[in-house]
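Thanks for passing this one along. Here are a few notes to read beside the model.

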Amino acid sequence: MENVVLPILDRDFVGNLIPQKFPFVMVDKVLAFEENFITSGFTIEETNIFTENGTFQEAGLIEHMAQSVALYTGYQFYLKNEPAPTGYIGAIKSIEIFELPKVNDNLTTKVNVLHEFSGVTLVDISVLLNNVEIARGQMKTVLA
């Protein structure tokens, strides 16, 4: 395992921490990491499959939120020098979307782990654009 310094801006490295692959990758940065917390980043490109008429759609925003949780797990396993397992969204308790981002916007997403037990993780997620919250929610993910 190589010594990695945060933030991690290498999108290929970040992409290897999650099970999703191009064109379905919705995270490209690890900005901060600590026990029970990660901050991910994502720059929206025109070619993104969830971009329509220059706007990143709701489904893409929710997928970005879920992949931010997967990134937490993937980076956690990377630090232990173990392969990351595949996970799934077990439940979405709530999602509120206040604004849809545009092409070239940079999202900053904060994931707070509330509970983690037997492969089930409950998280609060907040998506920021220019330090303004544009979406938030609570999800439960399950490892396969």
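1. Contact here means heavy atoms within 4.5 Å. With residues up to four places away in sequence not counted, Phe-56 touches Met-26, Phe-42, Ile-44, Asn-48, Phe-50, Thr-51, Leu-61, Leu-100, Pro-101 and Leu-107.

2. A word on the source. This is a predicted model, where local features need pLDDT of at least 70 and side-chain atom pairs count only at pLDDT 80 or more, while totals for chains, interfaces and linings use all residues. Residues are numbered from 1 along each chain as its sequence is written, and side-chain values use heavy atoms, leaving out hydrogens and water.

3. Which residues touch the most other members of the largest nonpolar core? They are Phe-56, Leu-71 and Leu-107, in a core of 31 residues. (A nonpolar core is a set of buried Ala, Val, Leu, Ile, Met, Phe, Trp, Tyr and Cys residues joined through side-chain atoms within 4.5 Å; buried means under 20% relative accessible area, with a 1.4 Å probe and protein chains only.) The largest share of this core, eight residues, is supplied by H2.

4. After H2 comes Asn-81, with a positive phi near 60 degrees.

5. Do look at Ser-126 in strand E7. Ser-126 counts as buried because its relative accessibility is 16%. Its side chain makes a polar contact with the side chain of Glu-133 at 2.7 Å (a pair of N or O atoms within 3.5 Å; within protein, one must be able to donate a hydrogen and the other to accept it, and residues adjacent in sequence count only if both atoms are side-chain atoms).

How values were computed:
Helix = DSSP H or I, 4+ residues; strand = E, 2+ residues; numbered from the N terminus. Buried < 20%, exposed > 50% of the residue type's maximum accessible area, 1.4 Å probe, protein only.
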